[in-house]
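Trainee: I have some questions about how terms are applied to this structure. Can we go through them one at a time?

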Amino acid sequence: MRIRVAATVLSGAVVLSALAVPVAAQAAAGPSAKAQLSSFSASSAHTTHAANSAQTVRPKDGIGTITFSKGVVNGGKDIVLGTTTKKSVTATYTATSSSGVALTEAFLWQGTDPSSVDTITGALGTDDDPVCTESTTQTGVYSCTAVFNIDTATDMVDNGVAGTWKLALGGYDLSASASFDDNVGTGKIKKASKLTVNATPEPVKKGKTITVTGKLTRANWNTGTYAGYASQKVQLQYRKKGSTTYTTLKTVTAGTGGALKTTVKATADGYYRFSFATNATTGASTATGDYVDVK
């Protein structure tokens, strides 16, 4: 918990008073970020998003005036993490309040209820408070930016799973009333994948069979290694010597341990590679083309 400054109005003048608020002290995985998220959520005016409608729960200690909107995580792009990836991810959003905005806090999280540590399966906080700038044309409307500094080796171990994460936002207005919204936007956090390829024999006579082998693996955040990724569809692609474009020859399914193997007929000098498209939990990858000299 850090000490924060909130503004209150006294005799027409704005004075500063110390306000202790639960915030994300660092981009921490596991219990620390989960505890900070649940503490903020439980003590704030809390908006939850039901399947078809929103329900607002007002706590006894105050009713927040801030509404959050237009949440975008990482510019709408997937966040793909390897085993040692360190990445700064930006989230942008709008905070609106007729009572002004003193500060906001941001979390990325998974789970069913952010007010309980037991129902949060993953949580990431920010190192610093988000930066919010009030509009010059609309009073009480603030454009905000939060930065999540993610270190896979420490933040993702036993912390949620690959897939969809929600953007939760909290804040205090200038009267020290707290607000919270657990789903202002979503982002995809995915495991990085890797592909290898080897085409043989080299060289080969025209019309003879070329055997193309390789392996599909993806990051295991818990062990810090890349493990075979079986039962996935991978495309075998070919680029003729002198061309800049790859064409797909066939689709191959990764076997045990992510093993890939298929055959093609040699037609002309060129490059063979495997390519894996992204899915709900794993990022895309493409092997470096392996050149085959056709005699």
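Mentor: Start with β10 and β11, which pair in the antiparallel sense over 4 bridges. Keep in mind that this is a predicted model.

Trainee: What makes β10 and β11 a pair?

Mentor: Two strands pair if there are at least two bridges between them. β10 and β11 have 4 bridges, so they count as a pair. As an example of residues facing each other, Val131 stands opposite Thr145 in β11.

Trainee: What is found between the strands in the hairpin of β10 and β11?

Mentor: There are 6 residues between the strands of that hairpin, and Gly140 takes a positive phi near 85 degrees in it.

Trainee: How do you know that a disulfide joins Cys132 to Cys144?

Mentor: The cut-off for a disulfide is a pair of cysteine sulfur atoms within 2.5 Å. The S to S distance for Cys132 and Cys144 is 2.1 Å, so the pair meets the rule. By this rule the count comes to 1 disulfide. Cys132 is in strand β10 and Cys144 in strand β11, 12 residues apart, and the pair links distant parts of the chain. The link is right-handed, with 115 degrees about the S-S bond.

Trainee: Why is Cys144 called buried, and why is Cys132 called partly exposed?

Mentor: Buried means under 20% relative accessible area, exposed means over 50%, and partly exposed is in between. Cys144 has a relative accessible area of 2%, so it is buried. Cys132 has 26%, so it is partly exposed.

Trainee: What makes β10 an edge strand?

Mentor: The open sheet has 4 strands in the order β5-β7-β11-β10, with antiparallel pairing. β5 and β10 are the edge strands, as each pairs on one side only. The twist averages 20 degrees from one strand to the next.

Trainee: Why is Trp221 called buried?

Mentor: The relative accessible area of Trp221 is 5%, which is under 20%, so Trp221 is buried. Trp221 lies in the loop between β15 and β16. Leaving aside neighbours within four places in sequence, Trp221 is in contact with residues including Leu81, Thr152, Met156 and Ile189. The side chain of Trp221 also reaches the backbone oxygen of Leu81 at 3.3 Å. The polar contact limit is 3.5 Å, so that distance falls within it.

Trainee: How far apart are Trp221 and Asp158 in sequence and in space?

Mentor: Trp221 and Asp158 are 63 residues apart in sequence, and 7.9 Å apart in space from C-alpha to C-alpha.

Trainee: What makes the links of Gln237 to Thr248 and Arg273 polar contacts?

Mentor: The limit is again 3.5 Å between N or O atoms, with one able to donate a hydrogen and the other to accept it. The side chains of Gln237 and Thr248 are joined at 3.4 Å, and those of Gln237 and Arg273 at 2.7 Å. Each distance is within the limit, so each is listed as a polar contact. Gln237 is in strand β17, residues 233–240. At 9% relative accessibility, Gln237 counts as buried because that value is under 20%.

Trainee: Where is Ala176 found, and why is Ala176 called partly exposed?

Mentor: Ala176 is in the loop between β12 and β13. With 30% relative accessibility, Ala176 falls between the two cut-offs and so counts as partly exposed. Phi of Ala176 is near 70 degrees, again positive in a residue other than glycine.

Trainee: Which kind of peptide bond runs from Thr200 to Pro201?

Mentor: The bond from Thr200 to Pro201 is cis, with omega near 0 degrees. A cis peptide bond also joins Glu202 and Pro203, where omega is about -5 degrees. Pro201 is in the loop between β14 and β15, and Pro203 is in the loop between β14 and β15 as well.

Terms used
Residues are numbered from 1 along each chain as its sequence is written. This is a predicted model: local features need pLDDT of at least 70, side-chain atom pairs count only at pLDDT 80 or more; totals for chains, interfaces and linings use all residues. Side-chain values use heavy atoms; hydrogens and water are left out. Helices (H or I, at least four residues) and strands (E, at least two) are DSSP runs, numbered from the N terminus. Buried means under 20% relative accessible area, exposed over 50%, partly exposed in between (1.4 Å probe, protein chains only). Contact means heavy atoms within 4.5 Å. Axes are lines fitted to C-alpha atoms, for helices over the stretch in contact, and angles run from 0 to 180 degrees between N-to-C directions.
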